[in-house]
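Me: I've got a model open and a few things to ask about its strands and surface. Can you walk me through it?

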Amino acid sequence: MNPEAGGDDFKLPPQFPRVRDVYQLTKEWWVTLPGEFALRFEEGEFGTDLVLWRKGITCWTTVYTMKAGETPVSTLEWIRRDAPEAAAVETFLTPDSNPIRYAYLLHETEEDAPERWALYSFAFGQSGHIMMAIYFDDKDDINLAKQIWTSLDERAAS
């Protein structure tokens with residue numbers, strides 16, 4: 001796959017803005033993207049979500065602010081309680097990193113739909129946490145998904 005264009009024969013839809021490299025998601029959160037992605041906003045269950053995509057990979061992103069009494073560790077604990085780890089192909093946890101990172105990989109199959117992989121990834125910082133569901137068609141793209149997830153960074157607002 002051509003990381004710059006999302007594939008040799010794939011063109012990003014012209015009506016959507018493009019982002020690449022280091023992209024500021026919110027005042028506090030940043031991501032580093034490997035190549036060019038299209039960007040759009042979608043109404044999600046808890047507000048507006050950011051969607052970054054190109055051929056074969058989609059990153060559906062929701063950012064949550066820290067509530068009174070929450071900490072990165074306590075938020076990680078309740079996220080892990082609700083996670084379907086038993087169904088996960090693999091789990092990832094870096095409790096000593098800043099931000100703290102947690103993810104689980106699922107192989108999602110539905111009748112009459114192509115298979116897909118999903119890395120449900122989280123980064124827990126001082127301002128809150130970010131959940132990025134990274135969907136990809138080819139299992140070999142797990143390293144690309146992990147690269148995007150581990151690039152999530154919380155920075156002081158400038």
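Reply: Happy to, starting with strand E6 (100-108): eight of its nine residues are buried, where buried means under 20% relative accessible area, exposed over 50% and partly exposed in between, with a 1.4 Å probe and protein chains only. Strands are DSSP runs of at least two residues, numbered from the N terminus. This is a predicted model, where local features need pLDDT of at least 70, side-chain atom pairs count only at pLDDT 80 or more, and totals for chains, interfaces and linings use all residues. Residues are numbered from 1 along each chain as its sequence is written, and side-chain values use heavy atoms, leaving out hydrogens and water.

Me: Which residue of E6 is the bridge partner of Leu93?

Reply: Strand E5 (residues 90-94) runs antiparallel to E6, with five bridges joining them; strands pair if DSSP finds at least two bridges between them. A five-residue hairpin links E5 to E6. For Leu93, the partner in E6 is Tyr102.

Me: What is omega for the peptide bond that joins Asn98 and Pro99?

Reply: Pro99 sits in the loop between E5 and E6. Most peptide bonds are trans. The one joining Asn98 and Pro99 is cis, with omega about 5 degrees.

Me: Is Glu115 buried, partly exposed or exposed?

Reply: Glu115 lies in the loop between E6 and strand E7 (116-124). Its relative accessibility is 43%, so Glu115 counts as partly exposed.

Conventions
Helix = DSSP H or I, 4+ residues; strand = E, 2+ residues; numbered from the N terminus.
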